[in-house]
Amino acid sequence: MAIDIPKSGIDAVGDMVSWGGHFCLFYETKEDLLDALVSYCKLGLERGEYCLWIVAEPLTIEQARRALQKVVPDLDHCLAKSSIEIIASRDLFLQGGTFDDKRVAATMQEKLVSTSGKGYTGVRVTGDTSWLTNKDWAHFCKLEESINGLIGDQRLSVLCTYPLSECGPFEILDTVRTHQFAIARRSGGWDIIETATLKRAKAEIARLNEELEQRVAERTAQLTQASAALHEAQTGLAHVNRVATMGQLAASIAHEIKQPIAVAVGSAEAAFNWLGKRPPALEEVRQALSRVVDAGTQATDFIERIRDLYKKAPPRKDPFKINEAVLEIIALTRGEVLKNKVSVQTQLGDSLPLVQGDRVQLQQVMLNLIINAVEAMTCISDGSRQLLIGTRKDASGGVLVTVQDSGPGLSPDSLDRLFDAFYTTKPGGMGMGLSICRSIVEAHGGRLWTASHDGPGATFQFTLPTQGRVTRERGKPPGFPSTEQIDRRQPKLERSEWYDLCRDMNWRFKYVSEAEVFPEALSQSHGIPAAAWWTWDEPYKISYGEYVRNQAEKDAAVYSVRSAIVRSRLFENLDPGWKSAIILHYGAITMPEYLASIGEARMGRFGRAAAWRNMALFGTLDEVRHGQIQLSFPHALLNKEPRFDWAHKSHHTNEWGVIAIRHFFDDVFTSNDAVSTALQLSFTVETGFTNLQFLGMAADAMETGDVAFGALISSIQTDEARHAQQGEPTLRVLIQQGKKAEAQRLIDVAFWRSWRVFAFLTGMSMDYYTPLEHRRMSFKEFMLDWIVKQFTDQFRDLGLERPWYWKLFLQELDWLHHSYHLGVWFKRPTVWWNPDAGVSVAEREWLEAKYPGWHDRFGTYWHTIAENVRRGTIGHTHQETLLSVCNICQLPVCSPTVGAPPRQVTHNGRVYTFCSDPCKWIFAQNPARYAGHLSIVDRFVAGHIQPPDMAGVRAYMGLSPAEQGDDAMNYAWAFEQQQPAAASAG
């Protein structure tokens, strides 16, 4: 029977397009575009298909019609009977002036339905993307992905066209990823960009299977030969799948190689420094060179592992340690995990027997399962992306490996076909990964399956046989029983069998009352009965032994980086603005990490459920560790920059920024009850802000070459993701018990307070202190793409409302942190870091592009400042009075309009000033909580600061002349070649 394969009409493509095809064309000129699309539509009309041509600049509807009429003489007739429609892109993609991928997908679905039953042999669609802007790019990629699901196996082909001049490397990668293949028209020739290897492999395996069935029926004697051929094809397919998966991990591989290289370079520089001493410090040189060797060995070993995964070699059967193999794959996928904001937890069993098999093939199974899990979680809230990887002995004496995610889970309809070849639930997927994984595991005598578990997500497990012999453990004398022998004498329960029993120590008190054990002032139970609190349950669990092992491994890794970096010149080579960002970070965040342990400990004692108290104690240990590690790193750099002393000193001073930060942290956890802390610290600050902030900061640090800070922040972020779990279960109990209004109020207070501090700390660092060439996105883009999306998803999922001031918050994304930055730079002698003006010519243009109107609103101030600097009147750029500050956030009162009146309230005869309506509202919620505090301005007026001038203010703040801030770039930006005044002013 002949197979109806639609031809594209484009010579370079030939018969590659099948029904359900979705491909793209990159073009350089309008002529190239017309040449391809005219042929594409002409052939569709000749074959009796319905054609839809969506045009955009540089083409017009009339130009497209004239070009097509030259080769389709009866085009007018085709247009009249609607066999072809030529429409403008704005009428489909930009209805109402905005792009909505869901609306466009629905419109296309309606169009397909309307053409069915009209006798067309098929449908072909082409649309151009020259109208597409950066802000709509991510949503358009989602539309492209939804098209893959929309067309399925329908008699439909879709050709999307992209102008090469508008596409950078990342856009090209995104485009190729969302299409089955791509073609490029350049300089009159054709290039084809496609993943044809897997397609050929699919055809080859189908051919071999058919051939095998025929040969088994015809000649049983050749069964062995056919089986060998099939095995070879499956091995080749597995290799193709492995290489294709590795291609997704290019960024991870680069990151893992870059880190030991950076350590080696830093250690080598340290060795040169020690050699320059008189006499040379030979012992220090030896240690530094030893670290160079270790780092080189680490990089070599990693490259060898990558080479093994890429190499096509016959299967082997060697004994190896499964935990080592798992950790290597986790390291390999670390970049992909960070990019997708996934938190990884491991629960690796102790004293596991050696596994017998092909290490590379079994690592391929783990790699596929981890990548599948990460991809499955891309559709859920960022802070909820949790990946658990575990190993343990199974009942048969083998090894059980588990990969569990918190994604949307598996639909019941897919379970029976999940491991079938060519069955996939992913748009553009080939459906070979899990089929290959099962084949590999079964070839090793194991089994791969999906398992059920409590909560969201999917769990995959597989078993592997062991080497089958017991080797004597290192350090134990002959005749001494091994751990495995002891385990056989004293069988141990699996963690899942004992964990809940040991954790849920919820008691009914006999000699004291509930109110005495859990005072309302410290627990704030809101009248909810004890039994209701006992339903509290965290998604991801960990035992103390597992916790200690994980933390020990992380500390060993991060402190080794610290040891190498401190002896190098990597810090000296960092951009001055980035140095200011990390000095600001350490001074603002280090001591609050210690303070957070107070809030965690309060939940650990007064949380109303044993499971909650258990997790809070891990949080307490985490926060103590975070304080220690963020004191250790800056302490090691004191000899390079004395301001790092402020990591410890800052919160023992009355510096105005520290007062603001201290007021915030005291409010949300130091002086808070257990329930309020869970909602305000865990749910709002950690899940919604700092967890995502640390992911972004770690990536920015690596981009700028700050390996030490990147390693530090990555190490902290995984802890934050774990103990931040306390917020959501607490919130669910409150909502289920009818306390939604109380929960909403607590979150509304914490979100606004967090936003203020976040704009102050992170906004300045991202848009002004990070070197321009390393800025991956603006602060506003980060807030919208990460923070706003995170909270919007959580509010929706939990049935909460967005805070009442949400519209005001979104408006402030355009201006608030710019105002804070300008004010900090004016007050630079009153801060402990060197503020980076960040207003070079190139940076101003970047700011205007990211924040249209920046020139008019802020550029005029910087233009005047630059003129003062050039004239030598730098004194005019210093503030000689204190700015008005808010009595809630303690930050400068800023307004989007000049001359806006302050918001003031009189309470018990004292006047309080607020920067915004939400800050005023927060004060009104609990005046007794806030009324006694004195802002820096209140203290000045009350006579606490003597002498009452700016010199007295700086002394009161604890700033010595050497610690007072100045411009990070020594005002070099003010002397750049200036643009015309009009451009600089807006």
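Predicted model: local features only at pLDDT ≥ 70, side-chain atom pairs only at ≥ 80, totals over all residues.
## A short tour of strands, helices and aromatic pairs

Trp 973 is buried, with a relative accessible area of 7%.

**Aromatic pairs**

- The partner of Trp 973 is Trp 862, and the two form an edge-to-face pair with 5.8 Å from centre to centre and 85° between the planes.
- Trp 862 sits in helix H35 (residues 854–871), while Trp 973 belongs to the loop between helix H39 (950–956) and helix H40 (981–985), so this pair ties together parts that are 111 residues apart in sequence.
- Trp 862 is buried as well, with a relative accessible area of 1%.
- In total, the structure holds 47 aromatic pairs.
- Another of them joins Phe 751 and Phe 791: the ring centres are 4.9 Å apart and the planes stand at 85°, so this pair is edge-to-face, since planes over 60 degrees apart count as such.
- Phe 751 comes from helix H30 and Phe 791 from helix H31 (residues 779–798), so the contact ties together parts that are 40 residues apart in sequence.
- Both Phe 751 and Phe 791 are buried.

**Helix H33 and its neighbours**

- Helix H30 (residues 740–769) packs against helix H33 (residues 816–826) at an angle of about 75°, and their axes are 8 Å apart.
- H30 and H33 are therefore roughly perpendicular to each other, a label that covers angles of 65 to 115 degrees.
- On the H30 side, the contact includes Trp 755, Arg 756, Phe 760 and Asp 767; on the H33 side, the residues include Leu 816, His 817, Tyr 820 and Val 824.
- By residue type, the contact of H30 with H33 divides into nine nonpolar, four polar and two charged residues.
- H33 also meets H35, the helix that carries Trp 862; here the axes come within 11 Å and cross at roughly 10°.
- H33 and H35 are therefore roughly parallel to each other.
- His 818, Ser 819, His 821, Leu 822, Trp 825 and Phe 826 in H33 meet Trp 854, Phe 858, Tyr 861, Trp 862 and Ile 865 in H35.
- The contact of H33 with H35 has eight nonpolar residues, three polar and no charged ones.

**Strand S11 and its partners**

- Six of the eight residues of strand S11 (residues 386–393) are buried, so S11 is largely enclosed by the rest of the structure.
- Strand S9 (residues 343–348) runs parallel to S11 and is joined to it by six bridges, with Val 344 standing opposite Leu 387.
- S11 also pairs with strand S12 (residues 399–405), this time in the antiparallel sense and over seven bridges.
- In that pairing, Leu 388 has Gln 404 as its bridge partner.
- S11 and S12 make a hairpin with five residues between them, and Gly 397 in the turn has a positive phi of about 95°.

- Strand S15 (residues 903–907) and strand S16 (residues 910–914) pair in the antiparallel sense through five bridges.
- Within this pairing, Val 905 stands opposite Tyr 912.
- Two residues lie between S15 and S16 in the hairpin, where Asn 908 takes a positive phi near 50°.

How values were computed. Residues numbered from 1 in each chain as written. Heavy atoms only, no water. Pairing = 2+ DSSP bridges. Helix = DSSP H or I, 4+ residues; strand = E, 2+ residues; numbered from the N terminus. Axes fitted to C-alpha atoms, helices over the stretch in contact; angles between N-to-C directions. Parallel < 35°, antiparallel > 145°, perpendicular 65-115°, else oblique. Contact = heavy atoms within 4.5 Å. Nonpolar A, V, L, I, M, F, W, Y, C, P; charged D, E, K, R; others polar. Phe/Tyr/Trp six-rings, centres within 6.5 Å; stacked < 30°, edge-to-face > 60°. Buried < 20%, exposed > 50% of the residue type's maximum accessible area, 1.4 Å probe, protein only.
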